[in-house]
Amino acid sequence: MDVNPTRDQVWEESRKRLIPGTVIGSLIEWYDIAVYGQAAALVFGTLFFPQFSSTAGQVAAFATFGVGYFARPLGAVLFGHIGDKYGRRVSLVGTLLLMGAATVLIGLLPTYASVGLLAPVLLVVLRLLQGLGVGAEYVGAVTMVAEFAPTRRRGYYASMPAAGVFLGIGLAAAVSAAVATLPKDQLMSWGWRVPFLLSVIVVGVGLVIRLRVPETPVFEDLRKARARTKVPALTMIRVMPKRFVLVMVSNCVIALNIYVVQTYSLSYLSDKGVAKSTALVALLFGCAVGAVAIPLVGTFADRSGRRPAYLLVTAICAVVPFPFFWLLDTRNTALILIAFGLAFGSCLAVFGSQAAYYAELFPSAYRFSGFALSREITGAVLSGPAPVIAVALVALGSGNAYLLALAMMVVAVASFLAVLALPETRGIELTEVTDADPAPRTREEDARGRIALTDGGIS
């Protein structure tokens with residue numbers, strides 16, 4: 001490279017390591033989430049809460065799934081602070097190590113039959129540590145790619161870490177489907193541990209790649225200009241509270257709907273008498289559909305704008321829930337595959353429109369913190385409790401999922417309205433260094449679409 005390489009040269013030099021490194025991190029995040037959710041749906045109730053009834057044990061297992069989400073906003077603040085103060089790369093190495101270690105240790109846990117109440121206590125502690133790491137992993141990956149990528153293709157490249165979402169869920173479904181074929185005594189004794197222990201392989205590969213990725217040019221500019229804030233999250237909330245709230249609401253469609261589909265639906269199908277292996281294969285098929293949808297939506301966001309792309313996929317999310325459960329109720333394998341294709345093709349596609357958009361909505365001095373915290377607060381409120389909410393709504397409907405489908409529709413509409421209130425950001429530059437504590441302004445910077453540092457332009 002030249003002594004003073006251009007940003008395009010830095011991008012070309014870095015992307016061969018950057019894209020795989022960020023994709024693997026997201027893969028680990030969503031593999032961890034999915035494999036835990038699948039275990040909670042299928043075996044944790046029996047292994048860690050055998051003293052409860054079947055339904056109560058399932059609720060308790062799903063509650064441990066939700067516990068991790070209460071740690072995620074704290075993880076967003078902690079690693080967001082590190083990312084905005086000390087570097088995006090430093091933060092991403094920390095999240096990867098924490099997530100991977102917690103997941104592997106879950107696979108080594110003793111069960112209730114061995115150590116009694118200590119078993120669920122240790123499970124909750126490790127789930128909390130897992131949540132701390134997850135709270136900033138995906139956001140850090142997207143932020144790094146967005147700050148490296150060329151402006152005209154930022155939507156496409158920033159959607160690449162989201163590929164790790166479907167790869168992680170798909171890998172978890174594939175491993176869990178293979179393990180589910182074991183005889184029940186082997187599944188309950190050692191088979192359930194395999195998906196958790198396999199995480200160590202991907203973590204090792206991801207760490208090697210991630211350590212070779214340089215810091216982003218945008219953060220290097222911040223460091224040189226000494227434009228970093230003392231407490232990025234607090235600065236962001238003080239300067240742009242309305243935008244912060246709108247981004248939180250716009251994320252609700254992912255926060256609830258995707259977790260109902262990827263986690264609760266497995267239990268729902270099991271209650272309907274559908275084989276666990278069939279449900280996991282359907283989940284894998286849905287991930288394949290999401291794999292195609294995410295980069296397509298990212299490309300559409302580059303060509304037509306961030307808001308049109310986000311609004312389109314959110315509108316689709318609003319109409320999918322009722323057909324999804326109607327198809328599941330048929331217990332027909334082909335129709336169940338179609339149901340998961342529809343659900344993941346819409347829910348996962350939101351990532352394709354969200355990635356570059358959220359990175360562009362927050363200034364560089366607190367981009368990591370703003371992006372992470374706005375996503376993870378809705379995660380704590382909706383994602384963690386999603387399976388428990390689903391169990392309760394289906395119970396209220398006497399086994400019928402219409403109330404749950406209605407809730408998913410309402411959440412999608414709320415996200416749609418929030419996006420309508422946010423500005424378009426396609427074409428802005430992320431390289432401009434902001435002041436450490438930017439002064440509030442009352443309108444968008446200029447006609448080119450540069451982001452204002454306050455909410456004034458989004459009333």
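**Cysteines and rings**

Modeller: Let's begin with Cys317, which counts as buried at 2% relative accessibility, since buried means under 20% relative accessible area, exposed over 50% and partly exposed in between, with a 1.4 Å probe and protein chains only. A word on the source: this is a predicted model, where local features need pLDDT of at least 70 and side-chain atom pairs count only at pLDDT 80 or more, while totals for chains, interfaces and linings use all residues. Residues are numbered from 1 along each chain as its sequence is written, and side-chain values use heavy atoms, with hydrogens and water left out.

Biologist: What makes Tyr310 and Tyr357 an edge-to-face pair?

Modeller: Rings of Phe, Tyr and Trp (its six-membered ring) pair if their centres lie within 6.5 Å; planes under 30 degrees apart are stacked, over 60 edge-to-face, and the rest tilted. By this rule there are 19 aromatic pairs. For Tyr310 and Tyr357, the centres are 6.2 Å apart and the planes 65° apart, hence edge-to-face. Tyr310 lies in helix 17 (residues 306-319) and Tyr357 in helix 20 (residues 349-361), so the pair ties together parts 47 residues apart in sequence. Helices here are DSSP runs (H or I, at least four residues), numbered from the N terminus. Tyr310 is buried at 0% relative accessibility, and Tyr357 is buried at 0% as well.

Biologist: Why is the pair of Phe322 and Trp326 called tilted?

Modeller: Their centres are 5.9 Å apart and their planes make 45°, which is neither stacked nor edge-to-face, so the pair is tilted. Both residues lie in helix 18 (residues 321-329), four residues apart, about one turn of the helix. Phe322 is partly exposed at 22%, whereas Trp326 is exposed at 55%.

Biologist: Which residues do ring pairs link into a cluster?

Modeller: Tyr264, Tyr268, Phe324, Phe325, Phe340 and Phe344.

Biologist: How do you know that the charged end of Arg127 sits over the ring of Tyr36?

Modeller: The label asks for NZ of Lys or CZ of Arg within 6 Å of the ring centre and within 35 degrees of the ring normal. The charged end of Arg127 is 4.7 Å from the centre of the Tyr36 ring, and it is listed as sitting over that ring.

Terms used:
Helix = DSSP H or I, 4+ residues; strand = E, 2+ residues; numbered from the N terminus.
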